[in-house]
Amino acid sequence: MCTLGSRERTLGGVSTQRPSPATGPTATPSLTERRKAATQLDIARAAAELFTERGPDDTTAEDIAVRAGVALRTFYRYFRSKQDAVAPLLAGGADRWRAALAATAPGTALPAALEHSIAESLAAAGAEAEEGLRWTRGLLRAAAHDPALRAVWYRVNQESEDRLREVVATLAGPGADPLELRLAAAAATDAIRIALETWSETDAPPHGPGSPAELAVRCLRELMGGMRLLARG
């Protein structure tokens with residue numbers, strides 16, 4: 001996130017664009033909605049930058065508002081707390097991953113679809129994506145010492161898991177056990193969460209052994225080992 005000045009960045013595979021639903025028809029957002037979303041993301045980028053530079057304890061909501069170029073009342077119009085301000089960055093990437101998974105070619109086995117979409121979402125293709133992962137590492141390291149920031153991270157993951165169930169159910173086809181669908185959504189979500197958290201605790205590069213993509217696929221394979229719905233063959 002070094003600069004996060006362009007109109008689109010990624011945060012550990014997490015897009016800073018306005019999140020889009022993974023499935024179903026969507027209405028074109030109005031100009032007012034687009035402006036609100038842009039303001040939220042400006043604030044979110046500013047919060048992420050400051051948390052990584054200074055840490056949450058040494059960052060105030062007013063600091064974030066100043067960095068984002070908005071009034072403090074505007075900040076509180078969109079976010080309840082300074083930690084909550086980074087949620088749009090994290091949620092956006094989860095939405096993009098679910099959308100990619102939902103677009104899987106018909107007939108693709110669910111384990112293969114999950115592995116491919118997870119690897120692609122964390123591949124860090126390009127300099128901006130790599131930079132985004134490095135900033136993600138900074139945010140997660142900050143979250144390790146800030147319960148409120150950590151709570152936002154867990155909340156975003158839980159919301160993503162809840163929305164993922166519908167996508168997994170569609171890919172699994174009719175007749176799938178609801179419990180297994182829930183377990184599959186939990187396994188896929190936790191594979192990414194644990195991979196990013198583990199990577200953030202190290203100095204491993206964004207590519208190759210120990211990278212988020214490699215760790216996430218490894219986590220998924222371990223988690224789905226005893227699940228019939230995700231049995232590999």
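Select Glu197, which is buried, with a relative accessible area of 18%. Buried stands for under 20% relative accessible area, exposed for over 50%, and partly exposed for the range in between, with a 1.4 Å probe and protein chains only. This is a predicted model, in which local features need pLDDT of at least 70 and side-chain atom pairs count only at pLDDT 80 or more, whereas totals for chains, interfaces and linings use all residues. Residues are numbered from 1 along each chain as its sequence is written, and side-chain values use heavy atoms, with hydrogens and water left out.

Glu197 belongs to helix α8; helices (H or I, at least four residues) and strands (E, at least two) are DSSP runs, numbered from the N terminus. Now display the residues around Glu197: leaving out those up to four places away in sequence, Glu197 touches Leu140, Trp153 and Tyr154, where contact means heavy atoms within 4.5 Å.

**The nonpolar core**

Next, select Ile64, Phe75, Val86, Ile118 and Leu164, the residues with the most contacts inside the largest nonpolar core, which has 56 residues. Such a core is a set of buried Ala, Val, Leu, Ile, Met, Phe, Trp, Tyr and Cys residues joined through side-chain atoms within 4.5 Å. Elements giving two or more residues to this core include α1 (31-54), α4 (87-102), α7 (147-172) and α8 (178-200). The largest share, nine residues, comes from α8. Centre the view on Ile118: apart from neighbours within four places in sequence, Ile118 is in contact with Trp97, Ala188, Ile192, Ala216 and Leu220.

**Salt bridges along the helices**

The structure holds 13 salt bridges, each a side-chain nitrogen of Lys or Arg within 4 Å of a carboxyl oxygen of Asp or Glu. Select Asp42 and Arg45, whose closest N and O atoms are 3.0 Å apart in a salt bridge. Both residues lie in helix α1, three residues apart, about one turn of the helix. Asp42 is partly exposed at 37%, whereas Arg45 is buried at 7%.

Return to helix α8, where Arg193 and Asp190 lie three residues apart. Their salt bridge brings the closest N and O atoms to 3.3 Å. Arg193 is buried, with a relative accessible area of 16%, and Asp190 is partly exposed, at 25%. Then select Arg80, Asp84, Arg155 and Glu159, which salt bridges with shared partners join into one network. Within helix α7, Glu159 and Arg155 are separated by about one helical turn because they are four residues apart; their side chains meet in a salt bridge of 3.6 Å, N to O.

**The loop at Ser81**

Which loop holds Ser81? Ser81 is found between α3 (72-78) and α4. Ser81 counts as partly exposed, at 27% relative accessibility. The side chain of Ser81 reaches the backbone nitrogen of Asp84 at 3.2 Å.

**Confidence**

Finally, colour the chain by pLDDT, the predictor's confidence in each residue from 0 to 100. The protein chain averages 84, and 85% of the residues score at least 70. Residues 1-26 have a pLDDT below 50, although this stretch has 78 contacts in the model beyond near neighbours in sequence. Where pLDDT is low, the predicted coordinates should not be read in detail.

Notes. A polar contact is a pair of N or O atoms within 3.5 Å; within protein, one must be able to donate a hydrogen and the other to accept it, and residues adjacent in sequence count only if both atoms are side-chain atoms.
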